[in-house]
Amino acid sequence: MEKVEIVKKIVTEFLEKGFENRYTAEFSQPSENEIKVNITGDGVSYLIGQHGRTLVAFQQLVRQMYMNETEDYSEELRIVIDVDGYKDKRVESIKELAAGAVEKVIQLGQDVSMPAMNAYERHVVHEYIQETYPDVKTSSIGEEPNRRVVIHPAGSETTTEPAQ
């Protein structure tokens, strides 16, 4: 059975138990090591949860179930699940937040700390700032679940107390 078919079976069985036939799930495999799932439908927004936490947990659960099904715990398969376009909207929101923080760094000339984010969201911030703003740099501080991105003016030393 192909990777995408295994993921489809896992997700479909889960959704049928909770949402009957009130959903649509589209599956794609843009690369050998990535499977994307987009879920839409009536009431599926419950899968997002507060700040996307339920969606992250669901994605991890599906990945774990995939590994159990294939008995391959070494495979680097990235399973990306989105519900009603939440992730695209969240990425845009994160980029807007990052742009505002960058403006503050430029105005104040000091480090600015962003709110705590999950690993994927921090990655979005680091990548966006690296590609868009050559006059600042980023780092991550703290421990999960309170890990956050700190934005620094280029050429500055990291301070211990960034502005909020």
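Modeller: Buried residues make up 36% of the 164 residues in the chain. This is a predicted model, in which local features need pLDDT of at least 70 and side-chain atom pairs count only at pLDDT 80 or more, while totals for chains, interfaces and linings use all residues. Residues are numbered from 1 along each chain as its sequence is written, and side-chain values use heavy atoms, with hydrogens and water left out.

Biologist: Why is V37 called buried?

Modeller: Buried means under 20% relative accessible area, exposed over 50%, and partly exposed in between (1.4 Å probe, protein chains only). V37 has a relative accessible area of 2%, so V37 is buried. V37 lies in strand 2, residues 34-41; helices (H or I, at least four residues) and strands (E, at least two) are DSSP runs, numbered from the N terminus.

Biologist: Why does M65 count as partly exposed?

Modeller: The relative accessibility of M65 is 36%, so M65 falls in the partly exposed class. M65 sits in helix 2, residues 53-70.

Biologist: What makes the nonpolar surface patch that includes M65?

Modeller: F14, L61 and M65 make the patch, of about 240 Å². Patches are made of residues with over 30% relative accessible area and no salt bridge, with like charges joined within 9 Å and nonpolar side chains (Val, Leu, Ile, Met, Phe, Trp, Tyr) within 5 Å. A salt bridge is a side-chain nitrogen of Lys or Arg within 4 Å of a carboxyl oxygen of Asp or Glu. Areas come from the Shrake-Rupley method with a 1.4 Å probe, and for residues only the protein chains shown count as cover.

Biologist: What is the volume of the largest pocket, and what lines it?

Modeller: The largest pocket has a volume of about 480 Å³. Of its 18 lining residues, V56, Q59, K87, N118 and Y120 are the closest to the centre. Helix 2 gives the largest share of the lining, five residues.

Biologist: What makes something a pocket and not a cavity?

Modeller: On a 1 Å grid over the protein atoms alone, a cavity is a set of points where a 1.4 Å probe fits but cannot get out; a pocket is an open set with protein on both sides within 12 Å along at least five of seven lines, and lining residues have an atom within 4 Å of a point. Grid points are joined across faces, edges and corners, and a volume is the space filled by probe spheres set on the points.

Biologist: How much space lies in the second largest pocket?

Modeller: About 230 Å³. Its lining includes H51, V56 and N118.
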